[in-house]
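Me: I'd like to check the labels attached to a model against their cut-offs. Could you take me through them, one by one?

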Amino acid sequence: MVVVGAGIAGVACATELARAGIPVEIRERARVAGGRMASRRFDGRPADTGAAYFTVSDPDFAEVAEGWRSAGLAREWTDTFVAYGADGRRAAPGPMRWAATRGLRSLVEHLARELPVTVDRLVLGVTLGPVVDGRPCEAVALAMPGPQAALLLDPALADATRATQVQRWSPSLAAVLRLPARRWATFRGAFVNDHPLLNLVCDDGDRRGDDAPVLVAHTTPEFAAGHLAQPSGAGPAIEEAVRDLLGLPEAAEHVHVHRWTYAKPTAGPGGTYHLDADGVGLAGDAFGKPRVQSAWLSGRDLGRALVTRLRG
């Protein structure tokens with residue numbers, strides 16, 4: 001059994017299979033696990049470049065979150081952001097948002113610590129059988145955005161192909177800005193409404209709990225779409241927009257821009273996962289709201305369905 005993708009959906013799927021005693025391997029094309037729960041180190045310090053936080057409402061996922069808390073990896077961060085809009089700045093209360101001291105990627109790595117994960121392993125194709133890169137498998141789970149899964153699927157796998165085609169995704173750029181000092185009015189995260197460039201800005205020093213002068217800004221899909229070919233070229237415009245929003249007097253010492261071509265699902269096939277008669281499964285947050293919790297539930301549910309299928 002092969003799971004392609006070591007984001008939280010793929011790891012949750014593989015966890016269910018491993019618990020049932022079914023041999024499973026995870027293949028990940030990137031150099032690390034985590035998927036869109038991505039973190040990158042700058043001078044030894046992690047900053048979240050993918051998901052900004054996670055929320056908890058499902059009781060099963062709450063147990064997972066408590067496991068992370070007990071391991072010293074995650075903490076409740078804030079239930080109040082601010083919102084910038086035409087009426088100025090106001091408080092924006094909402095659900096409790098969780099953060100990870102060592103970055104959200106560390107949470108996925110913790111779940112995958114006893115699973116066979118092979119990173120830097122590019123899967124080239126899935127054909128009828130199913131067959132993964134020429135190797136027959138009992139089943140295969142593709143835990144990734146639909147457009148990426150579609151590139152791997154043989155057109156003869158019609159059901160899975162259709163399930164990828166109904167997915168719609170929007171892009172985003174995430175910019176990490178390291179400033180000389182913390183010279184902004186206190187906030188944890190900020191929704192930026194009706195802005196041509198910015199969508200969300202987070203105080204990563206507050207999120208990490210180390211008070212580092214680091215901000216992470218996420219752009220609108222429209223702005224990102226025009227800079228997917230050369231995301232680093234968008235750095236100056238993002239920095240200027242953040243400085244203008246927060247009234248920052250000094251330029252950033254360093255700006256890093258990460259491209260997410262498939263950042264957020266905007267339409268999906270319904271249900272919590274896809275599993276067809278050909279033995280091909282699909283999982284991820286396209287099967288539900290665009291949340292970390294949704295991705296975990298999708299992978300968990302697909303894993304359980306595969307256990308039932310493979311045990312007959």
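Reply: Let's begin with Thr220, which touches Pro171, His195, Pro196, Leu197, Leu198 and Asn199, leaving out residues up to four places away in sequence; a contact is heavy atoms within 4.5 Å. This is a predicted model, in which local features need pLDDT of at least 70 and side-chain atom pairs count only at pLDDT 80 or more, while totals for chains, interfaces and linings use all residues. Residues are numbered from 1 along each chain as its sequence is written, and side-chain values use heavy atoms, with hydrogens and water left out.

Me: Why is Thr220 called buried?

Reply: Thr220 has a relative accessible area of 8%. Buried means under 20%, exposed over 50% and partly exposed in between (1.4 Å probe, protein chains only), so Thr220 counts as buried. Thr220 sits in the loop between β15 (214-219) and α7 (221-225); helices (H or I, at least four residues) and strands (E, at least two) are DSSP runs, numbered from the N terminus.

Me: Is Glu25 buried or exposed, and how do you know?

Reply: Its relative accessible area is 18%, so Glu25 is buried. Glu25 belongs to strand β2 (residues 25-27), and its side chain makes a polar contact with that of Arg135 at 2.7 Å. Beyond its neighbours within four places in sequence, Glu25 is in contact with Met1, Val2, Val3, Pro116 and Arg135.

Me: What makes a pocket differ from a cavity?

Reply: On a 1 Å grid over the protein atoms alone, a cavity is a set of points where a 1.4 Å probe fits but cannot get out, whereas a pocket is an open set with protein on both sides within 12 Å along at least five of seven lines; lining residues have an atom within 4 Å of a point. The second largest pocket has a volume of about 470 Å³, where a volume is the space filled by probe spheres set on the points, joined across faces, edges and corners. Of its 19 lining residues, the closest to the centre are Thr15, Arg19, Val64, Leu111 and Trp296. Helix α1 (8-19) gives the largest share of the lining, six residues.

Me: How many cavities of 30 Å³ or more does a search of the whole structure find?

Reply: One. The largest cavity has a volume of about 40 Å³, and its lining includes Leu179, Trp184 and Glu250.

Me: What makes a set of residues a nonpolar core?

Reply: Its members are buried Ala, Val, Leu, Ile, Met, Phe, Trp, Tyr and Cys residues joined through side-chain atoms within 4.5 Å. The largest such core has 41 residues, and Ile8 is among those that touch the most other members. Apart from it lies another core, of 26 residues, including Leu179 and Leu197.

Definitions and conventions. A polar contact is a pair of N or O atoms within 3.5 Å; within protein, one must be able to donate a hydrogen and the other to accept it, and residues adjacent in sequence count only if both atoms are side-chain atoms.
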